[in-house]
Amino acid sequence: MKQSLTRLSRALAQPLLIGPTLCVLALAAHASCNDDLLNQVERSTPRNGARGRAVQPAVKAPVPAAPAVVEAPTMDPQLQLQTIAREAVRRSAQVGAVKLLVEAAQYDVDETRGAGLPQVNVGGTIGPGTSRYTNVDWNHGLYASASVNMTGLLYDGGRNRQLTEWRRELAGAAKFSLQTAREQVVLEAVSTALERNRYRLQAQVYQQYVRKMSCLVDALQEIVSEDRGRASELVQARKTQAQAELQRDSALALSRQVEIRLRKLIGDQAPPSEGISSPLTLTQDVGEVLRLAEQNNELRQLRAQADASDRYAKAIDAGQQPQVNWVLTSTGAKTGDTKSLTAQAGISVSYSVFNGGSTKAAATAAARRAESARQQYDEYMNTRVSRIAEVHDSALTSFDRAKRYVEVLKDSDKVRSYTFQQWSQLGRRSLFDVMSAEGDHFNLRIAYVNSLYDGYQANAQLRSIGAGLVGWLVPDAP
């Protein structure tokens with residue numbers, strides 16, 4: 001390395017030999033490579049307020065050699081997110097399956113409620129038969145009978161009413177589970193879209209790194225044609241360029257893989273652009289999220305399940321009371337030439353005197369399930385509060401880190417520019433210094449991108465934990 005610097009110094013110091021040519025090439029390399037990148041990162045613009053703050057992404061250049069993807073027309077970012085959410089809900093088989101369970105739960109309510117209404121049963125029998133009564137001859141012939149039985153509930157200790165309420169609470173829990181399923185699908189779709197854009201943006205940064213190295217390789221090729229002693233520097237530059245290409249291709253591959261998952265969720269419509277992240281730059285106030293979390297669908301589902309267990313326990317207790325029904329029965333029969341008609345009306349009473357303790361055990365089991373559901377609710381609420389604080393801190397930290405990266409990137413850009421200038425024009429730096437400065441700069445840009453998207457992801461999760469993404473993006477979902 002010292003010998004290379006020495007040769008460069010001698011070349012630059014001896015204009016009558018090959019120095020002038022190297023100087024011209026070095027100046028040309030500095031000018032072209034310095035203008036090669038759109039390396040200015042926009043200043044972060046946090047919005048300080050009660051509800052949160054945001055950071056704007058860096059200026060980006062297009063990625064050549066990327067897979068053929070037709071970008072969606074320019075749309076409002078909020079509208080793009082709404083489109084993703086609606087398509088994800090519409091196409092989800094999971095949501096469709098839970099929706100069918102909700103309908104089934106509603107039919108269960110109708111079935112239980114109908115059991116408390118008057119019941120009418122009609123029956124009949126026909127076939128060969130015989131009959132004989134005391135001091136009466138045998139009667140042979142075709143036997144036919146028809147009967148009508150009507151019964152209705154007079155008193156059951158409130159059992160049927162409690163069973164109906166039990167089914168109704170379960171139906172309510174099923175509706176909340178449907179909202180939960182929609183929320184999970186929308187969060188997955190939004191998170192997948194953000195991940196896809198993260199890797200696309202990484203690929204753009206790596207492509208700029210490739211362009212920088214390519215420019216440097218071109219400049220070194222010209223220099224090596226005049227000074228063969230610089231060949232090792234050319235090899236080093238090519239190696240770094242190849243590594244940057246590998247990183248770019250890896251990011252593009254990850255982007256394609258995530259895009260496949262995204263298409264599975266929202267179909268083959270035009271993929272969203274990077275602009276979808278802008279509505280997620282706002283970090284909600286933690287107090288507001290905690291307030292909204294109390295009405296979260298998962299928590300409401302747990303409450304409904306606990307209430308349903310209470311209702312079932314009361315229904316079992318009511319089943320130990322006397323069961324009183326009114327009964328009306330009419331039967332007509334014919335055997336041969338003999339006809340008969342009977343009719344009865346009255347009240348039936350049933351009461352379980354002893355059943356081996358099964359009813360008490362069933363009631364106790366239902367009560368335990370209700371208590372278990374309530375304890376799960378308390379534990380889930382405590383976990384949710386902790387999770388909200390964690391995700392909120394993660395969002396603020398990620399955006400703050402991105403803001404600080406902006407300042408570091410400004411200094412990093414100056415360092416790499418000065419290092420390249422000192423190497424190409426003055427011979428005071430080695431190529432390894434240039435490579436180190438460039439690698440450090442682009443690694444910082446990747447870290448900046450990751451910090452931004454970590455913040456976007458955290459804000460999406462924060463909205464999901466609170467009022468929910470469905471209420472924000474698809475408020476009119478059935």
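Predicted model: local features only at pLDDT ≥ 70, side-chain atom pairs only at ≥ 80, totals over all residues.
**View 1. L462 sits in helix α10.** Look along the chain for A395: 67 residues separate A395 from L462 in sequence, yet their C-alpha atoms are 8.6 Å apart.

**View 2. H441 makes a polar contact with S412.** Helix α10, spanning residues 431-465, also holds H441. Is H441 buried or exposed? With a relative accessibility of 0%, H441 counts as buried. What does its side chain touch? The side chain of S412 is the partner, and the polar contact between the two spans 3.0 Å.

**View 3. Helices α5 and α6 pack against each other.** Here α5 covers residues 159-226 and α6 covers residues 231-266. Two numbers are handy for a pair like this, since packed helices are described by the angle between their axes and the distance between the axes. For α5 and α6, the angle is about 160° and the axes lie 7 Å apart. Anything over 145 degrees counts as roughly antiparallel, so that is the label α5 and α6 get relative to each other. As for handedness, the crossing of α5 and α6 is left-handed. Sorted by class, the residues in this contact of α5 with α6 come out as 22 nonpolar, nine polar and ten charged.

**View 4. Helix α5 also meets helix α4.** Now the partner is α4, residues 93-114.

**View 5. Helix α7 has buried residues, among them E288.** This helix runs over residues 286-293, and its buried residues are E288, V289 and A293. Why do they end up on the same side of α7? Because the arc they cover around the axis is only 135°. As a reminder, an α-helix has 3.6 residues a turn, so residues three or four places apart point the same way. Finally, check the start of α7, where D285 comes in: one of its side-chain oxygens gets to within 3.0 Å of the backbone nitrogen of G287.

Notes: Residues numbered from 1 in each chain as written. Heavy atoms only, no water. Axes fitted to C-alpha atoms, helices over the stretch in contact; angles between N-to-C directions. Helix = DSSP H or I, 4+ residues; strand = E, 2+ residues; numbered from the N terminus. Parallel < 35°, antiparallel > 145°, perpendicular 65-115°, else oblique. Left-handed = near helix turned anticlockwise from the far one by under 90°. Nonpolar A, V, L, I, M, F, W, Y, C, P; charged D, E, K, R; others polar. Buried < 20%, exposed > 50% of the residue type's maximum accessible area, 1.4 Å probe, protein only. Arc of directions from axis to C-beta. Polar contact = N/O pair within 3.5 Å; in protein donor to acceptor, adjacent residues only side chain to side chain.
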